[in-house]
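Good morning, everyone. Please have a look at the model on the screen, and then we will walk through it together.

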Amino acid sequence: MFSDITRDEYNDALEQTAEELLWEANIEPGAVDAFELANRLGVAVLRDDHLPRRGQFVRLAAGGSSGSQATVLLGRERRSERQHWALAHELGEGIASRVFERLGVPLADVRPGSREQVANGLASRLLLPLRPFRKVGVACDWDLFELKGAFPTASHELIARRLLDLRNPIVVTVVDQESVSWRRANVPGVPNQMIASEADHWQQCHLRGEPSYGEATADEIGTAIIRCWPVHEPHWAREIVTMTLDAA
């Protein structure tokens with residue numbers, strides 16, 4: 001995000017800030033309900049079906065006093081996970097300044113896009129706190145479906161993306177309607193397109209509607225474990241592919 005700040009420094013600042021907020025709200029380690037978090041922080045949540053965006057953090061005049069009430073307005077959204085994400089994002093927006101302070105970045109130098117990026121990073125860490133997320137992940141060998149069961153307020157895709165914040169070298173690919181819609185790695189030198197082994201497991205998963213696992217070796221990536229999970233709905237087929245690389 002900033003040329004003189006390393007990826008690890010940036011991630012650490014996000015993790016520490018999210019953990020700090022959860023501690024302030026006295027949230028027990030584990031799955032986080034964004035609405036309970038907001039309530040414990042004294043942030044009101046109001047619905048606004050005409051809101052042009054998913055959410056907005058505002059301060060409304062408090063009745064009978066000269067103060068104001070921290071409030072998040074939430075737009076129309078049917079999916080529970082998206083409601084939690086929108087609220088967590090706005091809570092992150094409200095404390096983004098703490099991240100910049102930790103990084104030693106003057107608020108006057110912060111661009112709107114950077115603040116939005118930080119809010120996104122905080123939202124994922126609020127819904128998927130590092131310590132419980134890592135504990136469950138290790139226990140279930142990072143099975144996406146088991147992680148989803150343990151953290152129901154986060155979507156499958158958010159859980160998969162969160163894997164990129166860990167130390168293990170990994171590639172995450174999201175395939176929608178047989179087309180790659182998103183692909184990222186937390187290490188350099190990974191091909192922009194799925195390698196043959198990834199594509200094979202994705203195709204098996206897509207056609208059978210069942211998870212597909214296996215090992216692979218390729219010149220581009222060395223040795224890796226490839227996994228693919230189907231997140232299928234009546235009118236939409238999504239598959240999430242992870243490729244965990246050999247750290248050696």
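Is Asn26 buried or exposed? Asn26 is exposed, because its relative accessible area is 52%. The cut-offs are these: buried means under 20% relative accessible area, exposed means over 50%, and partly exposed is in between, with a 1.4 Å probe and protein chains only.

Before I go on, a word on the source. This is a predicted model, where local features need pLDDT of at least 70 and side-chain atom pairs count only at pLDDT 80 or more, while totals for chains, interfaces and linings use all residues. Residues are numbered from 1 along each chain as its sequence is written, and side-chain values use heavy atoms, with hydrogens and water left out.

Back to Asn26. Its phi is positive, about 55 degrees, although Asn26 is not a glycine. You will find Asn26 in the loop between helix 1 (7–24) and helix 2 (34–40). Helices here are DSSP runs of H or I with at least four residues, strands are runs of E with at least two, and both are numbered from the N terminus.

Now compare Gln177. Gln177 is not a glycine either, and its phi is positive, near 50 degrees. Gln177 sits in the loop between strand 4 (170–176) and strand 5 (179–185). Its relative accessibility is 41%, so Gln177 counts as partly exposed.

Cys205 is in no disulfide, and the nearest cysteine sulfur, in Cys228, is 3.3 Å away. Cys205 counts as buried, at 0% relative accessibility. Cys228 is buried too, with a relative accessible area of 0%.

On to the strands. Two strands pair if DSSP finds at least two bridges between them. Strand 6 (residues 212–218) and strand 7 (residues 222–233) pair antiparallel, over seven bridges. Ala218 has Gly222 of strand 7 as its bridge partner. Three residues make the hairpin link from strand 6 to strand 7. Then look at strand 7 and strand 8 (residues 236–245). They run antiparallel, joined by ten bridges. Here Glu233 has Trp236 of strand 8 as its bridge partner. Strand 7 and strand 8 also form a hairpin, with two residues between them.

Now the pockets. Work on a 1 Å grid over the protein atoms alone: a pocket is an open set of points with protein on both sides within 12 Å along at least five of seven lines, and lining residues have an atom within 4 Å of a point. Grid points are joined across faces, edges and corners, and a volume is the space filled by probe spheres set on the points.

The largest pocket has a volume of about 1100 Å³. Its lining holds 36 residues, and those nearest its centre are Trp85, Glu157, Leu158, Arg161 and Trp182. Which elements give two or more residues to that lining? They are helix 1, helix 3 (80–103), helix 4 (112–127), helix 7 (156–162), strand 5, strand 7 and strand 8. Helix 4 gives the most, six residues. By class, the lining of the largest pocket has 13 nonpolar, ten polar and 13 charged residues. Nonpolar covers Ala, Val, Leu, Ile, Met, Phe, Trp, Tyr, Cys and Pro; charged covers Asp, Glu, Lys and Arg; the others, Gly among them, count as polar.

The second largest pocket has about 350 Å³ of space. It is lined by 16 residues, with Glu19, Leu22, Ile27, Pro29 and Pro129 closest to its centre. Helix 1 and helix 5 (130–139) are the elements that give two or more residues. The largest share, five residues, comes from helix 1. By class, this lining has eight nonpolar, two polar and six charged residues.

Last, two histidines. His84 is in helix 3 and counts as buried, at 6% relative accessibility. A polar atom of its side chain lies 3.2 Å from the backbone nitrogen of Ala34. His156 is in helix 7 and is buried, with a relative accessible area of 18%. His156 and Val231 are 75 residues apart in sequence, yet 7.7 Å apart in space, C-alpha to C-alpha.

How values were computed. A disulfide is a pair of cysteine sulfur atoms within 2.5 Å. On a 1 Å grid over the protein atoms alone, a cavity is a set of points where a 1.4 Å probe fits but cannot get out, and a pocket is an open set with protein on both sides within 12 Å along at least five of seven lines; lining residues have an atom within 4 Å of a point. A polar contact is a pair of N or O atoms within 3.5 Å; within protein, one must be able to donate a hydrogen and the other to accept it, and residues adjacent in sequence count only if both atoms are side-chain atoms.
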